[in-house]
Amino acid sequence: MQQERNYKEERTDLIIGIITVLIVLSLFVWLCASIGRNARNYNAMNNVGEISAIGETRRGSEQTFTYDPQQTDIIDGAVVYWTVNGERVYEGAYTSGEPVTLNYTPTETGKLEIVAKVGKYKQVTTVDVLKPRLTITAPNVTLTYGEELPMLNYTVDGFVEGEDVSDFCYDGKCVHDCDKMDVGVYELKFDSECSYRDYETEYVYGKLTILPKQLGVTNHFSKLYDATNTIDKPQFQLEGIVEGDEVCANCDTLYFDNKNVGNNKMIMLANVCLEGADAHNYVLPDFICGSITPRAIKLVGLTVKNKVYDGTTKAEINKMGTLSGVVEGDSVAIGNINVTFEDANVGEQKIATNSITLIGADKDNYTVVEIENPVATISDKASFWDRLLDREPIAQGAM
């Protein structure tokens, strides 16, 4: 009997143990499911949307962080707050349909934990705060060859507010032969690297551009009109050459803009070459001014008719004569000549040439400077026909 009783007790304990295990397992499964549901709900509320920022985040520079949960169940006026490394830095109210933003200026480098919460939704992100950046910029300078190089002042941008330094790193001195630099483009670098607090340093090199120097031509080129626009074998006198430089100008022929007479006429210098060891540092102007003077010609063969005394110096041309000294091929001729007797009295008189008018396409390139002055006679007797008709000469104005 005792043995049977022990068997029954053992079986009862086994059943109770199995039931207990089943109950514990059931509770465990239920608890795990509950924790999973809560975790999913938690994640659903705490991993909504994204916190974004534009560009790098640096110490001392304001950064804008933007969070948009994009949930339709957030009501207007819901509480909005931002925390940075556990410290609440902003609290406000939500406006439906609009993202929330935080303007924040980090004061230290390192990592920032940014938390944005809108109603029951929030998001967390970690941001690396970088060192502030200094940009040191060398100038761009343009000079003409021979000019003295000025002090090269650089600029520095990027200081955090309240931080500054008056002079460091680059002393602005030219590292080239500053007294004489040939024409060209040179890179302006910095003499040494710069280190200042926790800043990153960026260098922007500059350019020094040396332009050619324009020389002056002191000659006044002039020529006598010869129906050409050239000056052969010109000799140049230059001004503006830097002391000690070797440079000269050469060409076989200079050209006026045209062949005609005139002052301040354009002479092209396009075909003039600068030569010498330093010629590459200079240029000539595009043109200079010169002059072409009129060509002197003579009037030969002019004759005047004799006349009977009439009390005047009026004279009548018999032959116009010809022009001597005109360049072959030019178009110029006598248009009109005004002549008079030098004296109105009877006798052989000299003829005065008061004016000569030239005509033709090239008339302005000539001037008549010499005239073979003819002579003619004023007679007190009638001509053969007067005598034949028994007429006497009548003085002008006689009654």
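**Notes on the side-chain contacts**

1. Aromatic pairs, to start: searching the whole structure turns up four of them. Keep in mind as you read that this is a predicted model. One of the pairs is Phe159 with Tyr199, an edge-to-face arrangement with 5.9 Å centre to centre and 75° between the planes. It joins distant parts of the chain, as Phe159 sits in the loop between β10 (155-157) and β11 (184-188), while Tyr199 sits in the loop between β11 and β12 (200-204), 40 residues apart. Phe159 is partly exposed, at a relative accessible area of 21%, whereas Tyr199 is buried at 7%.

2. Another pair to look at is Phe221 with Phe236. Their ring centres are 5.7 Å apart and the planes are at 70°, so this pair is edge-to-face. Here too, distant parts of the chain are linked: Phe221 is in the loop between β15 (216-217) and β16 (222-224), and Phe236 is in the loop between β17 (230-232) and β18 (238-239), 15 residues apart.

3. Have a look at Leu208 in particular. Setting aside neighbours within four places in sequence, Leu208 is in contact with Val141, Leu143, Leu149, Met181, Gly184, Val185, Tyr186 and Leu188.

4. Now for the charges. How many salt bridges does the structure hold? The count is 19. In one of them, the side chains of Glu56 and Arg133 meet at 3.9 Å, N to O. This pair links distant parts of the chain, with Glu56 in the loop between β1 (51-53) and β2 (63-67) and Arg133 in strand β8 (residues 133-137), 77 residues apart. Arg133 is partly exposed at 34% relative accessible area. Glu56 and Arg133 also belong to a network of salt bridges with Arg58 and Glu200.

5. Arg59 forms a salt bridge with Asp198, the closest N and O atoms being 2.8 Å apart. Asp198 is in the loop between β11 and β12 and Arg59 in the loop between β1 and β2, so the pair ties together parts 139 residues apart in sequence. Arg59 counts as buried, at 6% relative accessibility, while Asp198 is partly exposed at 22%. Arg59 also lies over the face of Tyr199, 5.6 Å from the ring centre. Elsewhere, Arg88 lies over the face of Tyr81, at 4.0 Å from the ring centre.

6. One more bridge: Asp362 and Lys259 meet at 3.4 Å, N to O. Asp362 lies in the loop between β31 and β32 (366-371) and Lys259 in the loop between β20 and β21 (262-268), so parts 103 residues apart in sequence are tied together. Asp362 is buried at 9% relative accessible area; Lys259 counts as partly exposed at 28%.

7. Finally, the cysteines: the count of disulfides is zero. Take Cys273, where the nearest cysteine sulfur, that of Cys251, is 8.0 Å away. Cys273 counts as partly exposed, at 42% relative accessibility.

Terms used
Residues are numbered from 1 along each chain as its sequence is written. This is a predicted model: local features need pLDDT of at least 70, side-chain atom pairs count only at pLDDT 80 or more; totals for chains, interfaces and linings use all residues. Side-chain values use heavy atoms; hydrogens and water are left out. A disulfide is a pair of cysteine sulfur atoms within 2.5 Å. Buried means under 20% relative accessible area, exposed over 50%, partly exposed in between (1.4 Å probe, protein chains only). Contact means heavy atoms within 4.5 Å. Rings of Phe, Tyr and Trp (its six-membered ring) pair if their centres lie within 6.5 Å; planes under 30 degrees apart count as stacked, over 60 as edge-to-face and the rest as tilted. Helices (H or I, at least four residues) and strands (E, at least two) are DSSP runs, numbered from the N terminus. A charge sits over a ring if NZ of Lys or CZ of Arg is within 6 Å of the ring centre and within 35 degrees of the ring normal. A salt bridge is a side-chain nitrogen of Lys or Arg within 4 Å of a carboxyl oxygen of Asp or Glu.
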